[in-house]
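Here is a short briefing on the model shown below.

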Amino acid sequence: MADHALHHPTPHDEDHAYEAHTHHGNYVKIWAILLVLLFISILGPELEIRVVTLITAFGIAVVKAYMVAKHFMHITVAPRYVSYLVITMLVFMVLFFAGTSPDVMKLEGLRWEKPSWIEANRSFAEHGPAGAHH
Amino acid sequence: MSARPIATTRSMAGMPTGRLAVWWVIASEIVIFGGLLGSYVMHRLAHDAFAEQAAHTSTAIGAFNTFVLLTSSLFAVLGHKAAEEGDGPRAARMLYLTAGGGLIFACVKAFEWTMEISKGYTITSSTFWSFYYTAAGLHALHVIAGVIIMLIVAQTAKRNLELHRVELIGLYWHFVDVVWIFLFPLLYIAK
Amino acid sequence: MATQPVEIGHGHEAHDAHGHHEQSFFQKYLWSTDHKMIAMQYLFTGMALALVGGFFSYVFRMQMAFPGADVPLWGYVTPTQYNSLITNHGAIMIFWVAMPVLIAAFGNYLIPLMLGADDMVFPKLNRLSYQIFLLSAIVLLASFFVEGGGFGGAWTMYPPLASKAEYNLTPLGSTLFVAAVGLEFAAFLMGGINFVTTAMNSRAPGMKMYDIPMVVWMIVIASILFMASVGPLLAGAIMLIFDQTIGTAFFDPNRGGDPILWQHLFWFFGHPEVYVVLLPAIGIVAEIITTFARKKLFAYKTVLYTAFATGVLSFTVWAHHQFVAGIDPRMANVFTVTTLLISVPIAEMLFVYIATLFGGSITLSTPMLWALGFISTFLIGGVTGIFLGASGSDIYLHDTYFVLAHFHYTFYPIAIIGTFAGLTYWFPKMFGRHMNETLGKIHFWITIVTFNLIFLPLFLTGAAGDHRRIFNHQNFPDLNTPYLNFLREFATIALVVMLIAQFIFIYNFLYSIFRGEKAEKNPWKANTLEWTADSPPPHGNWKPSELPSVYRGPYEYSTPGRSDDYWPQHVPN
């Protein structure tokens with residue numbers, strides 16, 4: 001009982017364990033993969049197929065972000081709670097979106113409307129892309 | 001070098017205090033950008049007229065800037081590696097390269113915005129552009145702040161002092177890179 | 001700062017060199033990095049602003065009770081002034097009193113001491129956070145003196161009132177207000193990182209998770225809640241300032257924006273914010289009731305896990321503030337369910353406290369009176385929230401004085417009662433002297449009785465239809481009845497008595513700092529580590545060789561078989 005008070009990890013111990021985990025070899029390779037992914041994400045939308053655009057633009061963004069977090073930020077080597085923290089923040093953002101979008105994404109309701117949104121959509125549908133030169 | 005409290009040297013949570021603090025900073029920044037970008041996405045998904053404006057941003061410039069930031073992140077992590085190996089001068093050089101990337105990013109952005117404003121796309125042109133300048137601007141502020149801190153850390157690291165800070169500023173920089181990784185498709189890809 | 005020679009006899013150069021040298025007034029009081037001094041700075045700033053916020057409430061309540069009459073110490077209250085008074089009263093009390101005192105002052109003071117640390121892990125960041133906080137307070141106060149006066153669009157800053165000067169009539173004041181709030185957020189983000197990192201990493205050897213005093217847990221959880229929720233509002237504040245100043249239309253539905261977006265951004269933070277201030281107060285009460293009932297906290301882990309649960313749930317309830325704003329009714333159903341659910345963990349915590357008191361050996365000292373006052377009044381606040389959380393009844397009660405009485409029955413116990421509880425309890429440690437018990441008890445009784453006499457009538461006027469934020473209810477014939485007028489006057493007179501009674505505290509507090517009876521290290525015979533340091537603790541809190549280690553939990557009172565009815569954490573056996 002008396003000596004449990006004295007055994008606590010020091011930063012020195014942590015760093016040794018941390019160093020042992022982080023292989024410093026592959027960074028250029030990861031960077032090259034990231035550039036290839038970037039390239040694909042630019043080409044994807046050119047096909048003009050909505051699903052392909054979504055996957056290449058946003059799906060690849062998620063993959064790139066994960067790769068940076070894992071290989072550059074070493075999040076998988078850090079204590080678990082760091083990953084939980086980041087995931088929790090992202091979940092809160094999803095929660096915010098879920099609670100807010102039913103209102104913000106609507107153009108009109110029972111007794112209200114957003115005049116400029118309705119007008120913009122109408123004019124876009126009729127005239128195509130607006131030049132916005134003003 | 002200033003005196004540190006004994007408290008700073010403890011690490012009951014299994015991570016040095018500096019690194020722990022930077023992760024908390026990143027966590028709080030996720031929700032700042034998350035709120036802003038979430039609001040943007042709501043607008044974007046709600047009406048096509050809004051989304052269509054994204055066609056007027058220059059995908060080429062955005063992609064180039066993405067390349068710049070990804071490369072600067074590479075230099076940042078190479079700096080971390082050098083710092084862990086105890087090579088302060090090399091770590092500092094890597095940080096200078098990273099900072100250079102940040103400055104290139106900022107300059108390209110300045111050029112890009114000048115071009116867009118001269119075409120008439122100002123922050124008040126439409127809600128799309130309001131979000132565009134606000135989100136990219138907030139991000140750019142973080143880039144500039146990061147560059148400044150990085151230069152300060154590099155100055156000290158050059159003399160083999162406070163090498164742990166190289167990783168810390170690198171972590172922050174990677175986060176700034178990740179935010180841009182999402183900003184790029186959100187603001188530049190319109191179809 | 002490190003140019004002075006290191007203390008002789010210690011050789012531990014991690015210890016700040018200031019210890020034995022005469023510091024200038026500036027170094028010691030204005031430029032300090034010592035967590036205790038920074039705590040005092042936050043405390044005194046918060047208390048000063050409480051006087052400002054309290055004075056504002058006096059002025060507008062006088063207007064409510066005696067419409068059109070000259071208010072002593074102010075004069076005639078114009079409608080614009082009225083709006084500005086209520087707006088700034090709310091903002092000041094939440095952002096510049098409750099948060100700095102409960103979180104920054106108590107957090108800064110207690111966390112290192114209760115964890116057996118010599119300071120926060122980032123002392124200079126700590127100092128910077130106070131300076132930014134002070135700047136935010138100055139910006140807010142400045143807003144009262146610019147042309148047009150202070151912002152009058154309610155602390156909730158809804159656009160278009162908040163975004164268009166043609167509506168709010170305060171072009172400068174409104175921008176200064178939003179800027180002040182933004183600065184305050186930045187200060188607390190910085191402080192929060194300090195608190196969380198210190199609590200996670202810098203605990204005394206042997207202090208495991210469940211050995212941490214509840215108030216430290218609560219302040220840390222509150223800091224995490226704050227950091228996780230303020231982000232969207234910070235983004236929103238930038239958007240609002242742009243709408244106000246450069247003509248963007250983020251919240252203008254006529255030009256591509258959406259005002260409801262602001263409401264969501266605000267309340268996504270606004271609701272967790274109330275738990276951000278609640279949890280520290282609940283933590284303070286936990287410390288006091290265990291000490292003065294000489295009893296273990298009835299269920300430490302339950303309280304801890306319900307605090308976590310409350311924190312997580314608090315992110316799912318926010319739109320109950322927007323039930324009548326025109327939100328999607330299906331979402332209103334969702335938010336009703338979550339809101340009613342969240343009352344459960346909080347009630348759970350209060351039941352644990354009552355169970356802690358049951359069978360205890362209770363001393364009704366001043367801190368204990370305040371703690372009991374908190375439990376009883378907060379219960380009323382919590383219960384009345386149920387009527388508002390149910391969207392059906394909220395349709396009638398929204399924006400009436402019922403809401404106002406509800407949140408004063410929660411905020412006041414948190415910010416005022418909780419503060420007095422903490423100050424009277426830790427005063428001996430902070431200042432090395434005792435406050436006068438008799439004056440303390442008189443102050444308590446007058447405050448708690450008048451507090452109830454102010455807000456109970458307001459439940460009644462609210463249920464009768466009195467709307468909030470109305471300059472003169474007598475303009476509405478149905479509300480201009482003798483009964484309602486009487487209630488308004490009654491509440492106002494109770495407020496005046498309550499405000500005057502605070503001078504008893506101010507006198508007691510200031511007098512005792514200089515002339516109070518000297519206090520020893522552990523006058524309350526409590527278990528937690530702060531009571532092992534000198535009263536007041538020196539710079540560094542303990543000698544570096546005497547930093548305590550921990551051997552047990554913080555609430556081992558009245559352990560069977562021991563001669564003493566307390567068992568401090570740092571004692572090996």
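Leaving aside residues up to four places away in sequence, Val215 of chain C touches Leu110(C), Pro280(C), Gly283(C), Ile284(C), Ala286(C) and Glu287(C). The model is predicted. Val215(C) sits in helix H7 of chain C, which covers residues 214-245.

**Val215 of chain C**

- Is Val215(C) buried or exposed? Val215(C) counts as buried, because it has 27 C-beta neighbours inside 10 Å and the cut-off for a buried residue is 20 or more.
- Phe471(C) lies 256 residues from Val215(C) in sequence. In space, the two are 40 Å apart, C-alpha to C-alpha.

**Chain A overall**

- Chain A holds five helices and zero strands. Read from the N terminus, its elements run α-α-α-α-α.
- Chain A has 134 residues, and 26% of them are buried.
- Take the contacts in chain A between residues at least 6 apart in sequence: 31% of these join residues at least 24 apart.

**Helices H2 and H3 of chain A**

- Helix H2(A) spans residues 27-43, and helix H3(A) spans residues 50-72. They pack at an angle of about 170 degrees, and their axes are 9 Å apart.
- H2(A) is therefore roughly antiparallel to H3(A), since angles over 145 degrees count as such.
- The crossing of H2(A) and H3(A) is left-handed.
- Which residues make the contact? H2(A) contributes Ile30(A), Ile33(A), Leu34(A), Leu37(A), Ile40(A) and Ser41(A). H3(A) contributes Thr56(A), Ala57(A), Ile60(A), Val63(A), Lys64(A), Met67(A) and His71(A).
- By class, this contact of H2(A) with H3(A) has nine nonpolar, three polar and one charged residues.

**Where chains A and B meet**

- How many residues does the contact take from chain B and from chain A? It takes 48 residues from chain B and 51 residues from chain A.
- On the side of chain B that touches chain A, four helices each supply at least two residues: H2 (17-46), H3 (48-52), H4 (59-84) and H7 (164-188) of chain B.
- H4(B) gives the largest share of that side, with twelve residues.
- By class, the side of chain B that touches chain A has 25 nonpolar, 17 polar and six charged residues.

Notes. Residues numbered from 1 in each chain as written. Chains lettered and ligands numbered in written order. Predicted model: local features only at pLDDT ≥ 70, side-chain atom pairs only at ≥ 80, totals over all residues. Axes fitted to C-alpha atoms, helices over the stretch in contact; angles between N-to-C directions. Parallel < 35°, antiparallel > 145°, perpendicular 65-115°, else oblique. Left-handed = near helix turned anticlockwise from the far one by under 90°. Contact = placed C-beta atoms within 7 Å. Nonpolar A, V, L, I, M, F, W, Y, C, P; charged D, E, K, R; others polar. Buried ≥ 20, exposed ≤ 12 C-beta atoms within 10 Å, placed from the backbone.
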